[in-house]
Amino acid sequence: MILKIVKYPDPVLSRPGEPITEFNDELRKLVADMFETTYASQGIGLAAPQVGVSKRLTVVDLSVGKVPEDKLVLINPEIIFSDGKLYEEEGCLSFPDIREKVVRHAKVRIRAQDEKGKWFEMDGEDVLSRCFQHEIDHVDGMLFIFRMSALKRDLVQRKIRKLIREDKW
Ligand code: NI
């Protein structure tokens with residue numbers, strides 16, 4: 001089922017998600033729906049708060065559904081190591097058509113649980129590293145506009161306010 005993606009400035013996006021403690025069918029259904037929603041929007045990652053669910057869960061798939069092994073489910077994820085710097089353009093499904101450069105770590109190691117509750121660690125570089133950081137920010141209630149310079153953020157927020165006024169957001 002394709003879920004409705006919540007857009008900024010919905011408050012659910014700024015709220016830290018609750019830890020997940022039950023690894024049941026309801027969770028697996030949410031994960032499946034989140035992948036379907038991500039692919040329908042041609043995205044590479046989606047976090048639960050973006051579908052209005054304030055939980056520490058995100059799905060990532062750099063292949064956008066083309067390579068089954070690229071499907072990653074990160075539950076209660078955290079960054080345990082980071083190194084280097086990247087400054088690349090990023091977008092977010094909760095900010096349609098907005099792309100801006102954001103500073104990120106070039107490499108990260110994350111720790112997360114899978115759909116069955118098993119803990120694992122994984123390294124990410126470049127795009128995967130950025131995606132991990134962007135999505136883990138979401139489960140912490142942090143949005144990419146707050147990683148931009150104050151000047152850029154102000155421009156983006158003004159643009160969004162204008163679009164909201166014109167009923168185009
Ligand atoms: Ni996002």
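## Report on a predicted structure with a nickel site

V64 is buried, with a relative accessible area of 18%, because buried means under 20% relative accessible area. The model described here is predicted. V64 lies in the loop between β2 and β3. Its phi is positive, about 50°, although V64 is not a glycine.

The loop between β2 (57–60) and β3 (72–83) also holds L62. L62 has a relative accessible area of 33% and is therefore partly exposed. Together with I44 and V127, L62 makes a nonpolar surface patch of about 200 Å².

**Backbone angles**

Most residues other than glycine have a negative phi, and most peptide bonds are trans. A positive phi is also found at Q42, where the value is near 60° and the residue is other than glycine. Q42 lies in the loop between α1 and β1, and at 60% relative accessibility Q42 counts as exposed. The two residues are set out below.

The peptide bond from Y8 to P9 is cis, and its omega is near 10°. P9 belongs to the segment before α1 (25–40).

**The sheet**

Strands of a sheet pair through backbone hydrogen bonds, either parallel or antiparallel. In this model, five strands form an open sheet in the order β1-β2-β3-β6-β7, and the pairing is antiparallel. The edges are taken by β1 (45–47) and β7 (119–125); each has a single partner strand, so one side of each is left without a neighbour in the sheet. From one strand to the next, the twist averages 40°.

The partner strands β6 (residues 107–113) and β7 are joined in the antiparallel sense over seven bridges. Within this pairing, A112 stands opposite F120 in β7.

**The nickel site**

Three residues coordinate the nickel ion at 2.0 to 2.2 Å: C92 through SG, H134 through NE2 and H138 through NE2. Along the chain, these donors follow the spacing C-x41-H-x3-H. Both histidines, H134 and H138, lie in helix α2 (residues 126–139). They are four residues apart, which is about one turn of the helix. H134 and H138 are both buried.

How values were computed. Residues are numbered from 1 along each chain as its sequence is written. This is a predicted model: local features need pLDDT of at least 70, side-chain atom pairs count only at pLDDT 80 or more; totals for chains, interfaces and linings use all residues. Side-chain values use heavy atoms; hydrogens and water are left out. Patches are made of residues with over 30% relative accessible area and no salt bridge: like charges are joined within 9 Å, nonpolar side chains (Val, Leu, Ile, Met, Phe, Trp, Tyr) within 5 Å. Accessible areas come from the Shrake-Rupley method with a 1.4 Å probe; for residues, only the protein chains shown count as cover. A salt bridge is a side-chain nitrogen of Lys or Arg within 4 Å of a carboxyl oxygen of Asp or Glu. Helices (H or I, at least four residues) and strands (E, at least two) are DSSP runs, numbered from the N terminus. Buried means under 20% relative accessible area, exposed over 50%, partly exposed in between (1.4 Å probe, protein chains only). Donors are N, O and S atoms within 2.8 Å of the metal (3.2 Å for Na, K and Ca); water is not among the atoms, so sites may look incomplete. Two strands pair if DSSP finds at least two bridges between them. Axes are lines fitted to C-alpha atoms, for helices over the stretch in contact, and angles run from 0 to 180 degrees between N-to-C directions.
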